[in-house]
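Please open the model in your viewer and keep the selection panel at hand.

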Amino acid sequence: MTLGFGFGAGLAALRAAQLGMQTAGNNVANANTPGYSRQRVELGTALSYGIRGNLQVGAGVDVNGISRMVDDGLERRIQFQLGLVGAAELDNLRYREIETIFAEPDDGLSSSYKDLFGALDQVRTDPSDRALRGGLIQSGSTISQQFNLIAQRLGDLGGSTFDEVRGLTRQVNQRTRAIARLNEQILSAEASGADANDLRDTRSQHIKELGKLLDTRAIERSSGSVDLLVGGSLVVAGGRATDLRVGKTGAGNTQLFVGDNRAPAQISEGRIAALIRQEQGGLPSYMTRVDELARSTILEWNRLHSTGMPATGPFHSLIAANSAVDGDGDGVIGDELLSQAGFDFDIEQGSLYVAVTNTETGQLQRSRIDIDPNAMTLQDFANELTAIDHINASVDPTGRLRINADSGYGFDFSPRLDPNPDAGTFGGLNPTIGSTGAGPYDLNGQTFPVTFDVTTGTALSPTTTTVTLEATDFLNTGAATTEELVAAINADLGNAATASSVGGRLVIQSDQGGADSELRLTEGSGTALADLGMATATTVSGRDNALEVRIEGSYEGQENQQFTFVAENSGTIGVTDDLRVRVLDQNGQLVTTLDVGSQYEPGEAIALGNGVRVSFGPGELSGESGQVFALDALADSDTSDILVATGLNSFFLGSSAADMSVNEDLMANPDRLAAGLGAASGDAGNLSRLIALRDRDLGDLDSNTIEDFYADLVGDIGFETAASNSALEAQAQLLGQLEADREAVSGVNIDEEMVDLLKYQQSYEAAARFISVAQEMTDVLINLGR
Amino acid sequence: MAIRITQGTLYSRALSDMQRGLFRYSQLQTQVATGRRVNRPSDDPAAALRILPLRNDIRDLQQLSQNVSLARETLNTSAASLEDGSSIMQRARELATQAANGTLSGSDRQSIAAEIDQLLEQMLGIANSRRGDRFLFGGTETGSPPFSLETVNGRTRPVYSGNRDSLEIDVAPGVSTELNVPGDSIFLSRDRTATTFSPAFGSQETGVASYGNGDTGTGFGSLQVTFAGLEGLPGPWMAQGTGDTSALGDLGYQYTAGPPATLSIGGGPAELLPPTPTEMQFRTSDGREVSLVVSDPVIASTAGTFTSKANLSTDGGQTFTEVSSFTADPTGVRNSDDGSMLYLDVSGLSRTGTADVKFGGTFDVFTTLAELRDALVNDAGAPDNTVRDRVGSLLSEIDSAHDAVLDGLRELGFRSSSMDVLQNRVEGLRIARTESLSLVEDTDIAESIMELQRQDLSYQTALQVSARVLQTSLQGFLR
């Protein structure tokens with residue numbers, strides 16, 4: 001036994017107990033510190049030394065260190081999960097905002113559409129009621145504003161992404177700098193060999209917070225410092241941190257860069273990643289769908305509205321709402337091809353039918369303008385309009401088309417039926433000879449030049465004019481078109497007679513009318529008249545009274561059609577037995593044969609089908625002389641969309657959700673609402689077409705109706721929001737579970753610490769007792785020597 | 001070893017339990033407060049998809065219900081007008097019967113005529129009746145009065161300026177009805193029958209007949225047949241005279257060489273021919289007259305035919321249609337006043353004169369009343385019995401015009417009563433749709449309140465348990 005027996009071990013035990021109590025105290029103190037990991041004193045037996053022979057006697061306790069209770073794998077999983085939760089939180093927030101913007105199912109676009117289509121039904125009950133018309137226009141304005149608001153708020157939401165990302169990036173940079181600083185401190189603290197537990201906890205906490213914002217990869221080096229990678233680039237390397245930068249792509253999308261890297265950092269989790277993803281995917285897809293909806297609504301509504309008739313009847317003047325732009329920059333507006341004139345809506349290859357009405361007589365003259373957007377300029381179009389009798393058009397300096405009608409005339413683009421389609425070639429006053437068939441005609445059997453004589457005037461004073469046809473009059477003499485023939489014949493006829501094309505048939509009519517006027521065609525050199533199917537055998541007389549043809553109803557067919565009415569035989573309407581009129585479609589196919597003979601009462605309407613009714617007044621018909629008239633039956637009077645593109649008689653202006661509005665002309669004057677197709681004050685033909693739009697599947701909307709497309713959009717928002725709700729819940733729950741797991745490993749249990757305290761307190765007391773015993777023993781030993 | 005539970009675990013679990021309880025609590029509160037289960041699409045996206053079309057349906061059905069009411073009201077207004085029209089026609093018939101049977105003085109007839117004129121005016125008012133500022137009987141021309149009366153050449157006729165289109169309105173899903181009956185089918189007759197001729201007062205049968213169905217005149221008309229000259233005379237010894245010629249058509253002559261030379265026309269008595277041209281009046285076997293300037297040609301006896309041409313006019317002699325060929329081909333005569341056509345078979349035409357033309361079945365309410373009035377006013381001064389005959393012949397026309405009004409009334413009544421059926425159907429549909437919507441979007445209040453109470457209870461329990469658990473720690477027991 002030595003003098004120092006037991007003091008060493010006792011002292012070590014005292015120190016160990018003290019440290020244990022201190023650690024427990026520290027644990028209790030930090031029980032609520034976020035990221036704090038429970039610490040534990042690591043005790044070990046001190047190295048024993050031999051005393052006697054083979055016996056090994058323990059030398060007491062050694063404090064090996066104070067360690068953190070951390071599961072590194074768990075920490076990493078939590079960090080990753082934090083990123084997922086951060087992204088899910090942001091997604092959820094965004095979707096809830098979007099859901100609020102659409103304000104369904106109560107105050108959103110669905111009720112605006114309901115009001116708009118409802119207003120159509122209302123106006124239809126009395127189209128002449130100005131208050132109801134005003135209500136419809138107001139509904140149009142409301143839905144436009146609703147679209148504007150949605151576009152603006154979705155835009156704001158997308159526009160705020162950059163600022164939000166920049167704010168969050170600032171946080172990231174602060175944290176990376178803090179981590180770099182901690183790396184250095186940990187390095188220097190641990191150089192002495194002890195673990196820098198609290199510094200490490202703080203660093204872990206910073207890394208976790210980073211994980212909420214974006215996904216990083218942490219690599220712990222053997223030295224104890226941690227390197228952080230964002231999208232493969234080092235942002236923290238030892239004690240050095242590299243800042244993240246925020247930039248924008250050309251398309252305005254937000255991007256994140258590491259330091260001076262040219263390539264944007266690829267991140268996939270965390271709030272920042274979610275923001276960038278929303279900006280690129282979620283928000284624009286809704287914006288696109290809202291724009292598609294607005295665009296289709298504007299396009300389809302305007303297609304119908306522009307071909308309708310305002311309450312005031314045909315237009316006297318009309319100014320286009322949309323301007324052409326000076327695309328080639330030569331200072332002249334209107335000389336660009338229509339496809340390149342900067343209109344928001346495409347102009348297709350198609351036709352526009354323009355009706356010019358004599359406001360006195362109601363006589364209607366319909367002209368067709370064929371439009372090729374790749375061969376025609378706006379000025380060309382204006383020229384074509386001006387070529388129509390009684391209207392003229394020009395392109396004003398702002399690039400808008402202006403159309404004016406002569407005094408006493410009006411124009412419109414309505415597909416309504418011409419009530420009096422016969423221009424006098426069907427039982428009219430002037431003697432007429434028409435071809436038995438429609439062009440083109442085969443003149444290949446003739447040796448050009450061929451001639452024929454046209455005798456006009458009266459029996460007492462006839463005038464003969466010779467018509468000469470040259471081979472050069474025709475592009476192809478084997479298929480001479482009616483138009484070519486009309487031009488060639490009229491060039492020779494002068495004031496004696498006029499050739500025209502009626503339903504594609506060549507018709508020659510004397511310019512003199514009345515019962516004593518006559519017309520006779522005689523072959524000259526060659527047999528052109530025979531080839532053309534023109535009667536030569538008879539002298540045709542004019543009449544004192546014209547046969548009146550009236551058309552009623554509205555055409556309900558799907559395709560534009562031209563009906564040709566041909567007298568099959570000769571006689572008096574309502575008198576001659578079996579007097580018949582053949583009705584042919586534009587392909588020359590027989591539609592029906594009308595009996596207008598002794599079984600028919602003049603003036604009685606006969607239904608042709610497709611909503612068209614025809615009636616013939618009293619008079620005489622001649623089948624031999626090829627009497628004919630044509631009736632345009634239009635389903636769509638503008639297949640080219642040029643009215644929509646230029647904004648002629650438009651209801652809506654603009655082309656997207658953001659710029660949609662109602663034409664100011666309508667807002668100022670409800671009479672401009674095109675409720676009808678004809679001028680009758682109770683005509684609701686166009687309203688019916690607009691109402692039918694509600695149930696029409698539109699190709700531009702993936703073959704949905706307008707409201708179904710929107711309902712799908714709302715449904716998708718609902719599903720996405722609900723999904724983001726449950727995703728957030730699931731991720732948060734997972735995080736909770738992981739945090740509970742972490743708590744199980746690293747958390748402080750007060751009870752446990754109390755027990756530890758007691759334990760160390762008792763161990764301290766015991767060690768003290770031991771020292772006191774050892775002292776007594778030493779005392780005994782010392783006193784032995786006295 | 002069991003999982004370590006720390007105070008931190010307990011706290012955060014208690015917190016999240018309470019949060020969840022509160023969230024569910026607030027959800028239920030909103031549902032009960034708004035009465036709706038789906039307040040945002042994300043509450044139930046599938047339901048949201050059904051809500052929008054259902055709401056549209058309900059809105060449509062409300063509109064349809066309004067439309068049905070509007071249609072019924074409009075149809076009833078029209079029907080009420082036509083009922084007034086029907087009483088007018090009834091009164092007109094009473095007056096006509098009185099005028100046709102009684103022995104009335106001229107002034108009695110004048111006062112009846114004045115009343116008929118009143119009825120005509122009232123009838124015009126009915127045909128131009130309005131609901132609000134829309135004319136009911138003008139087709140889709142609702143902005144201006146559809147009917148007006150026009151008097152040409154002493155004859156009153158109606159002019160219809162409306163059209164034959166109808167105001168259509170939807171009254172049930174996929175069903176539309178016509179709000180109005182275009183007036184021309186009610187007030188203007190379209191059941192044309194044969195045109196008949198009768199000699200006018202003081203005139204004889206002319207021999208014309210109707211041809212086919214092509215006539216377009218209405219009511220009564222008059223056809224004047226006048227002499228238009230001779231054609232095909234055998235030689236210079238026979239020329240047209242200036243005296244009256246009432247014989248028309250192909251006339252045979254018989255010259256008997258003399259002396260004494262005689263000439264007989266149309267089988268009439270042979271007259272002596274003077275040596276120098278002299279105007280003579282010949283008479284045919286049936287009493288028709290021909291004025292000729294004749295002289296003895298001193299030739300062998302001969303016989304042949306010549307033609308006496310006719311001029312036909314329906315507009316009081318303003319325009320003529322000349323007839324030189326008396327065959328069965330139709331001859332059309334146009335009235336320059338109203339553009340109407342009359343087609344005649346002139347093969348039997350033999351005598352000049354004036355025929356009253358009756359365009360059968362074309363007596364509409366206006367024409368009938370006007371004709372009745374004009375017959376009673378009797379400007380031509382026809383004898384009483386002629387007037388009575390004419391008024392009597394109008395009785396059947398009054399009846400058929402009245403029938404047309406009644407037909408219109410029946411049509412309107414039928415449509416109006418079908419509106420009642422539709423109203424019920426639309427209402428039924430609307431209720432069914434509203435119920436569907438309610439099922440989809442509304443809160444089941446009883447269930448929600450039960451649930452609310454349950455949540456309340458479990459929230460309270462959670463609070464109490466948490467309070468108990470969180471208070472507990474070893475510390476408390478170590479004193």
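This is a predicted model: local features need pLDDT of at least 70, side-chain atom pairs count only at pLDDT 80 or more; totals for chains, interfaces and linings use all residues.

Select B:Gln27, which counts as partly exposed because it has 17 C-beta neighbours inside 10 Å; a residue is buried with 20 or more other C-beta atoms within 10 Å of its own, exposed with 12 or fewer, and partly exposed in between, the C-beta atoms being placed from the backbone. B:Gln27 is found in helix α1 of chain B, where helices (H or I, at least four residues) and strands (E, at least two) are DSSP runs numbered from the N terminus.

Residues are numbered from 1 along each chain as its sequence is written, while chains are lettered from A and ligands numbered from 1 in the order in which they are written.

Next, select residues 106–127 of chain B, helix α3, whose end C-alpha atoms are 31 Å apart, in agreement with the 32 Å that its 22 residues should span at 1.5 Å a residue (the expected span is 1.5 Å times one less than the number of residues). Among the buried residues of α3(B) are B:Ile112, B:Ile116, B:Leu119 and B:Met123. Looking down the axis of α3(B), you will find that its buried residues fall within an arc of 115°, so they line one face of the helix; the arc is that of the directions from the helix axis to the C-beta atoms. On the other side of α3(B), B:Ser107 and B:Glu121 are exposed, while the buried residues pack against α2, β3 (147–152), α4 (184–187) and α5 (365–377) of chain B.

Now display both chains: their contact (C-beta atoms, placed from the backbone, within 7 Å) takes 47 residues from chain B and 48 residues from chain A. On the side of chain B that touches chain A, α2(B) gives the largest share, 12 residues. The predictor gives the complex an ipTM of 0.80 and a pTM of 0.84.

Finally, select A:Val354 and A:Phe565, which touch the most other members of the largest nonpolar core, a set of 123 residues; such a core consists of buried Ala, Val, Leu, Ile, Met, Phe, Trp, Tyr and Cys residues joined through C-beta atoms within 7 Å. Apart from that core lies another, of 58 residues, including A:Ile98 and B:Val38.

Terms used: Two residues are in contact if their C-beta atoms, placed from the backbone, lie within 7 Å.
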